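Biologist: I'm new to this structure and would like a close look at a single part of it. Could you walk me through that part step by step?

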Amino acid sequence: MITMQRSAAALLSTLLAAFLTMGLQPGTARADGPVDGPAPKVELVLDVSGSMRARDIDGGTRMAAAKQAFNEVLDATPQEVELGIRTLGATYRGNDRQEGCKDTQQLYAVGPLDRTEAKTAVATLAPTGWTPIGPALLKAAEDLKGGEGSRRIVLISDGEDTCAPLDPCEVARDISARGIHITIDTLGLVPDAKTQAQLSCIAEATGGTYTSVRHKQELSDRVGQLVERAAKPQVTPVAVEGAAECAKAPVLTSGIYTDREEFGTHRWYRVEVRPGQELRASVSVGADRDVARDYGVLLKALTVHGREIVRGQETGDGRTDVLSTGLRYPRPEAEGDDAETSAAETVCLRLSNSFAAAPGVKTTPGLPVELTVDVVDGPDEASDVAAFGLGRGWWLLVTLVLFGFLGGLVWGWVSRWRVTVWRTN
């Protein structure tokens with residue numbers, strides 16, 4: 001019986017692995033060569049406040065872990081990346097908040113990397129003062145202004161900003177609203193709940209990522225990944241402004257777009273779809289500030305006359321800061337004499353949300369939106385589009401259901417046999 005259980009478990013694992021592999025295949029290949037065109041720029045912003053003396057990362061101080069990560073990252077930085085280093089809380093030792101909140105300096109200017117010079121500058125740092133995250137982000141955005149390449153700020157901190165009322169989350173939203181396409185990624189060293197919430201908000205406001213770090217190697221690996229990501233070829237989202245009605249909406253082609261949507265409103269966009277093509281659209285709306293629990297995102301595809309074609313929707317209850325949904329609309333091939341003359345169909349995309357701001361929270365600017373549109377050649381057969389809404393995975397789901405049914409029968413028979421033997425003995 002033990003052998004039978006192991007065989008069943010192995011078969012189930014194999015089927016699940018096949019299912020996950022099929023579902024997670026990347027849609028596009030990624031080039032590994034150097035970036036053509038303007039050089040990507042990255043500025044590392046390091047918290048050097050007094051709390052970085054804490055010895056809770058693999059037996060050493062947080063400052064020591066940060067220095068080790070910087071040395072490893074500087075060694076591995078791609079040649080095409082222009083890198084800079086800025087500090088916060090590195091020089092002022094006094095108790096004057098006004099002075100402490102000005103304490104941010106550019107340790108190494110953004111430009112071609114001299115590894116020896118950059119490492120020497122980092123080696124001199126010692127935990128000192130305040131935590132002016134907001135002012136440091138404003139200065140970092142100035143350091144990266146100009147140019148056409150990708151721009152990224154990597155913020156490493158172990159605590160909350162101590163320079164209120166300049167809220168660093170509001171600073172990040174302001175940087176995003178300028179349309180200068182700077183992404184801010186944040187890393188929290190042994191963070192508490194408040195620090196995690198603040199750093200998450202900063203990252204999400206600009207489409208960046210937040211990572212909690214508790215070990216040296218985690219920090220080195222993550223900073224290295226973010227610097228390398230800046231050097232990889234990638235699609236730059238295009239800023240677009242949706243309209244209040246379909247007739248006035250911007251016409252989108254395949255690509256990635258960013259917008260902002262006010263709480264509880266609709267935004268309209270248009271896409272042209274020809275016979276034999278398939279529209280694939282997805283949207284993510286970020287809750288980059290405190291919102292009321294229970295919310296949702298709805299993406300509809302409609303005709304210009306208002307008839308709904310297909311929809312995608314998702315709901316949340318406060319446990320996630322980003323809500324995403326998507327839809328697919330395959331348009332059939334034209335038949336007969338209309339095959340050559342059939343015009344493109346205008347599909348209206350309507351994005352709606354049911355977010356509500358928490359009491360006292362600003363509602364402007366609107367929530368950050370990322371909309372992905374892809375118009376591709378439609379599948380040759382209807383079964384390729386959907387089978388009971390399951391796409392090409394329907395056969396695997398049927399297999400799993402049958403396997404579960406047969407496994408249940410066998411297990412029931414074995415259990416009944418064991419009870420019978422027990423009663424007999």
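**A close look at one part**

Modeller: Happy to! Let's begin at a strand pairing: tyrosine 257 stands opposite leucine 371 in β16. Please keep in mind that this is a predicted model. The pairing in question joins β9 and strand β16 (residues 367–377), which run antiparallel and share seven bridges. β9 itself covers residues 255–261, and two bridges also link it to strand β7 (residues 238–239), this time in the parallel sense. There, alanine 239 stands opposite threonine 258 in β9. As a general point, side chains in a regular strand alternate between the two faces of the sheet.

Now let's turn to a residue in a helix. Arginine 173 has its place in helix α6. With a relative accessible area of 5%, arginine 173 is buried, because anything under 20% counts as buried. Beyond its neighbours within four places in sequence, arginine 173 is in contact with Cys201, Ala205, Arg260, Asp288 and Arg289.

What about the helices themselves? Helix α6 (residues 168–177) packs with helix α7 (residues 193–205) at an angle of about 5 degrees, and their axes are 8 Å apart. The two helices are therefore roughly parallel to each other. On the α6 side, the contact is made by Pro168, Cys169, Ala172, Arg173 and Ser176, while α7 brings Gln198, Cys201, Ile202 and Ala205. Sorted by class, this contact of α6 with α7 has six nonpolar residues, two polar ones and one charged one.

Note on methods
Residues are numbered from 1 along each chain as its sequence is written. This is a predicted model: local features need pLDDT of at least 70, side-chain atom pairs count only at pLDDT 80 or more; totals for chains, interfaces and linings use all residues. Side-chain values use heavy atoms; hydrogens and water are left out. Axes are lines fitted to C-alpha atoms, for helices over the stretch in contact, and angles run from 0 to 180 degrees between N-to-C directions. Helices (H or I, at least four residues) and strands (E, at least two) are DSSP runs, numbered from the N terminus. Angles under 35 degrees count as roughly parallel, over 145 as roughly antiparallel, 65 to 115 as roughly perpendicular and the rest as oblique. Contact means heavy atoms within 4.5 Å. Ala, Val, Leu, Ile, Met, Phe, Trp, Tyr, Cys and Pro count as nonpolar, Asp, Glu, Lys and Arg as charged, and the others, Gly among them, as polar. Buried means under 20% relative accessible area, exposed over 50%, partly exposed in between (1.4 Å probe, protein chains only). Two strands pair if DSSP finds at least two bridges between them.
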